[in-house]
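Colleague: I am new to reading protein models. Can we go through one together, feature by feature?

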Amino acid sequence: MGSKGRPYRTVTVEGFEVLIGRGAEDNDYLTFDVAKPHDVWLHVAGGTPGSHVVVRNPDRVEVPRSVVEVAAAAAAWYSKARGAPKVEVHFCRASEVSKPRGAPAGLVELSRYKSVKVKPVAPAGATD
């Protein structure tokens, strides 16, 4: 039951499916092909390289803060900021993420976002 070849890791947090990109091209695929407009999208702040993280929200509910924080901790863990005690993570709806024309893989722009500061933690059940 390997997830080799899948462009993202999948974990479940309080019943929400959380998808974690593996690399720059995978991040683009996850953000622009897999994520739906009402999904929550997360990435470490400040231009730090790291995984794009998507919380699936098929029912278009308010995703609980606790789920956002676990997903944010995962975004921090799967980034170059893993060693920091606290990491700022931006999050928004997937519909608020866009790709600048000609931008390299993994680079995006956010029209609006909120921030959360979290300790980098690997999500339970994540397979590297």
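Colleague: Which helix and which strand each supply at least two residues to the lining of the second largest pocket?

Modeller: Start with the general idea. Rolling a probe the size of a water molecule over the atoms shows where empty space is left. Now the case here, in a predicted model. Helix H1 (24-34) and strand S3 (40-44) each give at least two residues to that lining. S3 gives the most, with three residues.

Colleague: How many residues line the second largest pocket, and which lie nearest its centre?

Modeller: The lining has 18 residues. Nearest the centre are His43, Gly47, Gly106, Leu107 and Val108. The space inside is about 290 Å³.

Colleague: How does the lining of the second largest pocket divide by class?

Modeller: Nine residues are nonpolar and nine are polar.

Colleague: What is the volume of the largest pocket?

Modeller: About 410 Å³. It is lined by 15 residues, and Val40, Glu62, Phe91, Arg93 and Lys114 are the closest to its centre. Two elements give two or more residues each: helix H2 (65-77) and strand S5 (87-93). S5 gives the most, with three. By class, the lining of the largest pocket has seven nonpolar, two polar and six charged residues.

Colleague: H2 has come up. How do I read its length?

Modeller: Compare its reach with the expected span. H2 has 13 residues. From first C-alpha to last it reaches 18 Å, close to the 18 Å expected at 1.5 Å a residue.

Colleague: Which residues of H2 are buried, and what covers them?

Modeller: Buried means under 20% relative accessible area. In H2 the buried residues are Val67, Val68, Ala71, Ala72, Ala73, Ala74, Ala75 and Ala76. Their cover includes strand S1 (8-13), strand S2 (16-21), S3, strand S4 (53-55), S5 and strand S8 (114-118).

Colleague: Let me try single residues. Is Asp39 buried or exposed?

Modeller: Asp39 has a relative accessible area of 2%, so it is buried. It sits in the loop between H1 and S3.

Colleague: What does the side chain of Asp39 meet?

Modeller: One of its polar atoms lies 2.9 Å from the backbone nitrogen of Lys36. The Asp39 side chain also makes a polar contact with the side chain of Arg56, at 3.4 Å. Leave out residues up to four places away in sequence, and Asp39 touches Val54, Val55, Arg56, Asn57, Pro58, Cys92, Arg93 and Ala94.

Colleague: And Lys117: buried or exposed?

Modeller: The cut-off for exposed is over 50%. Lys117 has a relative accessible area of 56%, so it is exposed. Lys117 lies in strand S8. Neighbours within four places aside, Lys117 is in contact with Lys86, Val87 and Glu88.

Colleague: How far is Lys117 from Ala45, in sequence and in space?

Modeller: They are 72 residues apart in sequence. In space they are 9.7 Å apart, C-alpha to C-alpha.

Colleague: Last topic: backbone angles. What should I look for in phi?

Modeller: Most residues other than glycine have a negative phi. Glu14 is not a glycine, yet its phi is positive, about 50°. Arg60 also has a positive phi, near 55°.

Colleague: Where do Glu14 and Arg60 lie?

Modeller: Glu14 is in the loop between S1 and S2. Arg60 is in the loop between S4 and H2. Glu14 counts as exposed because its relative accessibility is 54%. Arg60 is at 59%, so it counts as exposed.

Notes
Residues are numbered from 1 along each chain as its sequence is written. This is a predicted model: local features need pLDDT of at least 70, side-chain atom pairs count only at pLDDT 80 or more; totals for chains, interfaces and linings use all residues. Side-chain values use heavy atoms; hydrogens and water are left out. On a 1 Å grid over the protein atoms alone, a cavity is a set of points where a 1.4 Å probe fits but cannot get out, and a pocket is an open set with protein on both sides within 12 Å along at least five of seven lines; lining residues have an atom within 4 Å of a point. Grid points are joined across faces, edges and corners, and a volume is the space filled by probe spheres set on the points. Helices (H or I, at least four residues) and strands (E, at least two) are DSSP runs, numbered from the N terminus. Ala, Val, Leu, Ile, Met, Phe, Trp, Tyr, Cys and Pro count as nonpolar, Asp, Glu, Lys and Arg as charged, and the others, Gly among them, as polar. The expected span of a helix is 1.5 Å times one less than its number of residues. Buried means under 20% relative accessible area, exposed over 50%, partly exposed in between (1.4 Å probe, protein chains only). Contact means heavy atoms within 4.5 Å. A polar contact is a pair of N or O atoms within 3.5 Å; within protein, one must be able to donate a hydrogen and the other to accept it, and residues adjacent in sequence count only if both atoms are side-chain atoms.
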